[in-house]
Amino acid sequence: MTHGTVWRRQYGWVWRILLAGVLVPAAWAGGTPEEALVLIDPTRPDSLYIGNYYLNARNIPGANVLYMDPMAQNYPTFVEENLEAVFGMLANAGIREHIDYVVIAPASSYRVYAPGLVSDACAPVNHFSLSTVYTLWYNTAYILGGNMTSSRSNRYFGQDNAPLAFDSNILWKNGEPSGDDTGHKYFIGAYLGYTGTRGNTVEETVAMIDRSVSVDGTQPAGTFYYMETTDSARSGPRDGYYPTAVADITALGGNAEHLFAVLPTGRHDCLGIMTGWAAPDIDGTDMTILPGAICDHLTSYAGVLGGSSSQTSMAWWIVKGASGTWGAVEEPCNYPGKFPHARAYVYYYQGLSLGESLFRSVGFLPFQGLLYGDPLTRPFAYLPDVQLPDAPTETVSGTIVLTPTATTTHPT
């Protein structure tokens, strides 16, 4: 590596290698507290309580919070007002370069009105999810141009099982860092919880935060369940990938099963459940979802959290014990690229965070897809113990030599 330069990412103790001008992310999980910007609506008691609870539980720096209404009446207004406010805050605080996640405390809605901007031959795209509008803030010019299709590719989407850590400073293309300007930048937006109809209570969201924090780096034992159902419209888009994913997780030393049912009844070690069904009885099924689990059901309206629907809300996964889930905020049609690929659990088991694993497994830009839960959850990460024995204890000046050390149970 005669042309390589090692550098440290500020605050995160993340080592990278710079080869031929291309920034190559290390194969370790992101999700450190310094990488998250938290948005809290100061007019809502639920947002203030949950947002500040999350800041404390995750030990997120005080500079990484912005008190503002994260919602807007429509997408053009969102771009003009909300994004300008967020970018301005990041610049003034001097923290832009190490923010990768935008985590949203409860707000007045879960989606933003955006008609006529994205075309879809199956069903009109009238709304973007609240997590997505922050995920795609580098793509606003393309979106406002009105020439986007719902199948526009997510450039961070993994083409293989490589668990490449996410970095918002990197241009991504075909799931790899790009050395030219044809790549795209993103953030990972996530919604901590919605407290309205078909959402979660404050207590349920706080419990989700607690179990997500507690499971980090614990390497929990359990099983990822891939459920193939008789509903071909909802199961068919993904179940063909299940056998390979099971084999890949098993080869890595984990446990995964491909079952033929809606839910893994009688199983009490669920680290993940991927199924396709309109109204799974999540709460009433005899099963145990472990802390840190990612679960979802492919259907049209799992992410419709306001009003009413005959389809099961994604929020029930959180009630049952999951740390994160994915659902559509309006009719998406059953394009496989709009939902997490079976590889999501392969990435997760290799140490990526919940947010990285879901975003890396969704093939299209997630206009209608809501990432819901705690994106910083990382049960399979190997967290180093970092020491700085020669840190100054009093005022110093001039050139200072520091010699940090780190140990981990998984040195590779």
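Tutor: A residue is buried when its relative accessible area is under 20%, exposed when over 50%, and partly exposed in between (1.4 Å probe, protein chains only). This is a predicted model: local features need pLDDT of at least 70, side-chain atom pairs count only at pLDDT 80 or more, and totals for chains, interfaces and linings use all residues. Residues are numbered from 1 along each chain as its sequence is written, and side-chain values use heavy atoms, leaving out hydrogens and water.

Start with the cysteines. A disulfide here is a pair of cysteine sulfur atoms within 2.5 Å. By that rule the count is one. The partners are Cys122 and Cys333, with their sulfur atoms 1.8 Å apart. The torsion about their S-S bond is about -85 degrees, so the disulfide is left-handed. Cys122 sits in the loop between strand S8 (118-119) and strand S9 (127-129), and Cys333 in the loop between strand S18 (324-328) and helix H9 (344-349), so the bond ties together parts 211 residues apart in sequence. Helices (H or I, at least four residues) and strands (E, at least two) are DSSP runs, numbered from the N terminus.

Cys333 is buried, at 12% relative accessible area. Cys122 is partly exposed, at 46%.

Next, Cys270 and Cys295. The sulfur of Cys270 has its closest cysteine sulfur in Cys295, at 7.0 Å, too far for a bond. Cys295 is in no disulfide. Cys270 is buried, with 0% relative accessibility. Cys295 is buried too, also with a relative accessible area of 0%.

Contact means heavy atoms within 4.5 Å. The buried residues of H5 include Val206, Met208, Ile209 and Arg211. Just after H5, Gly217 has a positive phi of about 70 degrees.

Finally, H1. Its buried residues are Asp46, Ser47, Ile50, Gly51, Tyr54, Leu55 and Arg58. They cover an arc of only 150 degrees around the axis, which puts them on the same side of H1. That arc is taken from the directions from the helix axis to the C-beta atoms. Pro45 and Asn56, on the other side of H1, are exposed. H5 is among the elements that cover the buried residues of H1. Asn59 follows H1 with a positive phi, near 55 degrees.
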